[in-house]
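Student: I have a model to go through. Can we take the labels one by one and test each against its definition?

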Amino acid sequence: MELRKIAKRVEEKHGIPLTERDVVRVFSAALASADIWRIVDLAEIPVLGTCEVLEALAEQGWVEFKNGRVIVTETGRDLAVQLGIGAAQEFRCPRCRGRGLELSPFHKLSQKFHELAKDRPEASQEFDQGYVTEETTVARIALLYARGDLVGKEILVLGDDDLVSLAAALTRLPRRVVALDVDQRIIQFLEDAARGENLNLEVYHHDLREPLPSELLKRFDTFVCDPTESFRGYLAFAQRGISALRGPGCAGYLGLTRLEASLRKWQKIELALLEAGAVITDLFPNFHEYVNWPYIETMRAWPHLPVKRVPGKFEPWYRSALIRIELVEEGKAENVRYSGDIFTDEEAATT
Ligand SMILES: [Fe+2]
């Protein structure tokens, strides 16, 4: 079967585990849109995998690349009918963008946050940054609130180019908000905002490859992070977060994409979270929408794209799930040092 061969080819060339089903996902995405970024988004497999599958489909004459677009050929359409492959559909609720949250009670927060975030530092490739839309950050706060992880709580944000700590502090509902970041620009920005608005917000310089300082261990009710997605990088963030939690009943919020993490990686990550004493209580697909970062043309996936177009800043194609975990026993995360590059693995695309 041709589709299985394509999956194998991707695995051999890029070391990304792919199933026949993943090849179908790319085919379905191409049937739904001719735009490369929409295809990458809808395919929900690592970006390099989508690129390679599209090349393979083109070699078979099932798709062609024309004027910067991906077109399914007549032969391709016939094959899709024959194989029972339909166009990808999302059916996303337009009101809540699929998050299931009513954000109108947060109107004032949104306005204030928007006003302050205007001067935020631009995303830096050095630290694998890429921040979410302002609406996404506000939606995260709404979710923390709804899950009882905001009011009266001590909250730790690990890496905060999304400015979650700022939005959380602006509600004036948490008991304490602490943000850690490696980027001096973010630290400066958060400190200035905290001073200007008289916020209960502490900001510290910290490289998350280093263990958490002892004064932050077992001190928090809630942690929030959007880890880099190599398995080691993800573990580094998750373990720091878990080791900062007081104990059972405390919660963590993490992002995870399908575009830089295969389902095999998801399996490893989920197992690691379970082994650390947590359960996954909530999982929202595509909760996070990202503002396009200025280094699209130098990111790892760019040379692999079969057609090249720089997307507009607010033309979101990169999305990620939000995972909420809760400790059901004492956290068992190791607070060890991670040396070297924690950003890159076979599935990395935006580093
Ligand atoms: Fe809705």
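Tutor: Start with metal donors: they are N, O and S atoms within 2.8 Å of the metal (3.2 Å for Na, K and Ca), and water is not among the atoms, so sites may look incomplete. This is a predicted model, where local features need pLDDT of at least 70, side-chain atom pairs count only at pLDDT 80 or more, and totals for chains, interfaces and linings use all residues. Residues are numbered from 1 along each chain as its sequence is written, and side-chain values use heavy atoms, with hydrogens and water left out.

Student: Which residues coordinate the iron ion, and what makes them donors?

Tutor: Cys93 (SG) and Cys96 (SG) coordinate the iron ion at 2.3 Å. The cut-off is 2.8 Å, so both SG atoms count as donors.

Student: Why is cysteine 93 called partly exposed?

Tutor: Buried means under 20% relative accessible area, exposed over 50%, partly exposed in between (1.4 Å probe, protein chains only). Cysteine 93 has 35%, so it is partly exposed.

Student: And cysteine 96: buried or exposed?

Tutor: Its relative accessible area is 16%, so cysteine 96 is buried.

Student: How do you know that S1 and S2 pair?

Tutor: Pairing takes at least two DSSP bridges between strands. Strands S1 (residues 63–66) and S2 (residues 69–72) have four bridges, so they pair, in the antiparallel sense. Strands are DSSP runs (E, at least two residues), numbered from the N terminus. Glutamate 64 of the pair stands opposite isoleucine 71 in S2.

Student: What sits between the strands of this hairpin?

Tutor: Two residues. In this hairpin, asparagine 67 takes a positive phi near 50°.
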